Amino acid sequence: MELSRVLPSLPAHTRAALVHDWLPVRGGAERVLEGLLGVLPQSDLFTLVDFLSEEDRAFLGGRPVTT
């Protein structure tokens, strides 16, 4: 199921933050995060640990990650 079907469209002025526990490798949880970033492309991203390699972090699209 596409996330856009589950989450309603948000008004343009809405701010959102995505908080992910940690980013050690690209696995299943990171694929879910990728989907959420697709639905909420303007959201800020926060995490406790960010150890993703340059190769694995391509799904972030250059988005800064705040630890």
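**Stop 1: Thr47**

Select Thr47: apart from neighbours within four places in sequence, Thr47 is in contact with His20, Asp21, Trp22, Leu23, Val65, Thr66 and Thr67, contact meaning heavy atoms within 4.5 Å. This is a predicted model, in which local features need pLDDT of at least 70 and side-chain atom pairs count only at pLDDT 80 or more, while totals for chains, interfaces and linings use all residues. Residues are numbered from 1 along each chain as its sequence is written, and side-chain values use heavy atoms, with hydrogens and water left out.

Thr47 is part of strand β2; helices (H or I, at least four residues) and strands (E, at least two) are DSSP runs, numbered from the N terminus. Is Thr47 buried or exposed? With 6% relative accessibility, Thr47 is buried; the cut-offs are under 20% relative accessible area for buried, over 50% for exposed and partly exposed in between (1.4 Å probe, protein chains only).

Now show polar atoms. A polar atom of the Thr47 side chain is 3.3 Å from the backbone oxygen of Asp21, and the side chain also reaches the backbone oxygen of Val49 at 3.2 Å. Polar contacts are pairs of N or O atoms within 3.5 Å; within protein, one must be able to donate a hydrogen and the other to accept it, and residues adjacent in sequence count only if both atoms are side-chain atoms.

**Stop 2: the sheet**

Switch to cartoon. Three strands make an open sheet in the order β1-β2-β3, with parallel pairing; two strands pair if DSSP finds at least two bridges between them. β1 and β3 (65-66) are at the edges with a single partner strand each, so one side of each has no neighbour in the sheet.

Zoom in on β1 and β2, which run parallel and are joined by six bridges. Here His20 stands opposite Thr47, and Ala17 has Asp44 as its bridge partner in β2.

Next select Pro64, in the loop between β2 and β3. Pro64 is exposed, at 62% relative accessible area. From Pro64 to Phe46 is 18 residues in sequence and 8.9 Å in space, C-alpha to C-alpha.

**Stop 3**

Finally, select Leu18, Leu23, Leu33, Leu37, Leu40, Leu45, Leu52, Phe59, Leu60 and Val65, the 10 residues of the largest nonpolar core. Such a core is a set of buried Ala, Val, Leu, Ile, Met, Phe, Trp, Tyr and Cys residues joined through side-chain atoms within 4.5 Å. β1 (17-23) and α2 (28-39) each supply at least two residues of this core. Beyond neighbours within four places in sequence, Leu33 is in contact with Leu18, His20, Leu23, Leu45 and Phe59.
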